[in-house]
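Please read each point with the structure open beside you.

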Amino acid sequence: MLILMEPSATPDQVREVLALLEASGIRCQVNQAPEALSIVAPHASQALKPDRIEPMAGVRRVVPITSPFKLASADSVTGRTVVDVRGIGIGGPELVLVAGPCGVETREQLFTVARYVAEAGVKLLRAGAFKPRTSPYAFQGLGLEGLRLLEEARAEFGLGIVTEATEVETFDDVERSADMIQIGARNMQNFALLRRAGRAGKPVLLKRGPSATLDEWLYAAEYVLGEGNRNVVLCERGIRTWSDHARNTLDVSVVPAAKALTHLPVMVDPSHATGRRDLVIPCALAGVAAGADGLLVETHCHPEKALSDGPQALLPSDFIRLVERAQAVHHALQLPTATGLWL
Ligand code: PEP
Ligand code: MN
């Protein structure tokens, strides 16, 4: 249930409601919206009836959350969540680009890419130090050494660092180094990892599993939110279909569908969605046009030498073109139409 407090509710009145929930064994989260405070209690209606809470001083109304995604549901908060990653707001008015090579390979490779990514105006660098690979014989990432290089790149270029946590055992290391922690597509239903991410003090970028439905993806987000981490960004990265011209199929319609159900920001990763450099820019633009709050794009200074995902990595010149065109599409969406309505 969602407990909406009066704008005039005093701290003592809020404390009384929280004390009643706690005494009934109910976990809850407090949202401080600009107008008034609200309390989301995902499982409260099983233990407490609304008419027990509604008459309490300072309570305006108790609203049931009918969505099965209690914390991710758009009904559970007023407005949309903007996730702050080192001063960059994902889910706000700006289109946010997150870019870099698939994996950290060498200092020279990482710094070369970081330099042109930063020069293109991008503020968040993404590269994997721990790589989840289909084959156990493929490059698995530099691990701790990769994290150290990412920290150096942050210091050198002033970029925020996004990198993946693949297992609970090394999560602490990733959490220390990263400004945002990626949970990869294949770990979308690794519930121990999701819970650990929910206890992290850093925002989480949650990729959609290659065969996950929208519901399954939002339940995964619920695992993270349920542990207290409210800073979750969803990322569509293509799903597996029978279409075989590309690595995956970008599910463009999931962007507005997800945004209708949840208050969380939604990004699009056209790189893993296509696996093909020539399809990355058109699919990125489609994602922005569909309302994505940001893009996650792989780029490499020498894609032909990349240790992972070279065929989908944008060349530096293509990357700059992508940034310009994506921002142009985003700005076009802000323009009033001939009818005076906003797109
Ligand atoms: C990646 O981002 O490099 C990656 C492995 O992506 P995904 O989890 O979407 O396959
Ligand atoms: Mn990759």
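1. Across the interface of domain 1 and domain 2, four residue pairs are in polar contact, both residues being at pLDDT 80 or more; a polar contact is a pair of N or O atoms within 3.5 Å, where within protein one must be able to donate a hydrogen and the other to accept it, and residues adjacent in sequence count only if both atoms are side-chain atoms. Between these two domains the count of salt bridges is zero, a salt bridge being a side-chain nitrogen of Lys or Arg within 4 Å of a carboxyl oxygen of Asp or Glu.

2. This is a predicted model, in which local features need pLDDT of at least 70 and side-chain atom pairs count only at pLDDT 80 or more, while totals for chains, interfaces and linings use all residues. Residues are numbered from 1 along each chain as its sequence is written, chains are lettered from A and ligands numbered from 1 in the order in which they are written, and side-chain values use heavy atoms, with hydrogens and water left out.

3. The protein chain is divided into domain 1 (2–65) and domain 2 (83–333), with bounds that come from an automatic or database domain assignment. Their centres, taken over C-alpha atoms, are 36 Å apart, and four residues of domain 1 are in contact with five residues of domain 2 (heavy atoms within 4.5 Å).

4. The manganese ion (ligand 2) is coordinated by Cys102 (SG), His272 (NE2), Glu298 (OE) and Asp309 (OD), at 2.0 to 2.4 Å. Donors here are N, O and S atoms within 2.8 Å of the metal (3.2 Å for Na, K and Ca), and water is not among the atoms, so sites may look incomplete.

5. The whole structure holds 18 salt bridges, and one of them joins the side chains of aspartate 172 and arginine 196 at 2.7 Å, N to O. Because aspartate 172 lies in helix H6 (residues 171–177) and arginine 196 in helix H7 (residues 191–198), the pair ties together parts that are 24 residues apart in sequence; helices are DSSP runs (H or I) of at least four residues, numbered from the N terminus.

Key:
Helix = DSSP H or I, 4+ residues; strand = E, 2+ residues; numbered from the N terminus.
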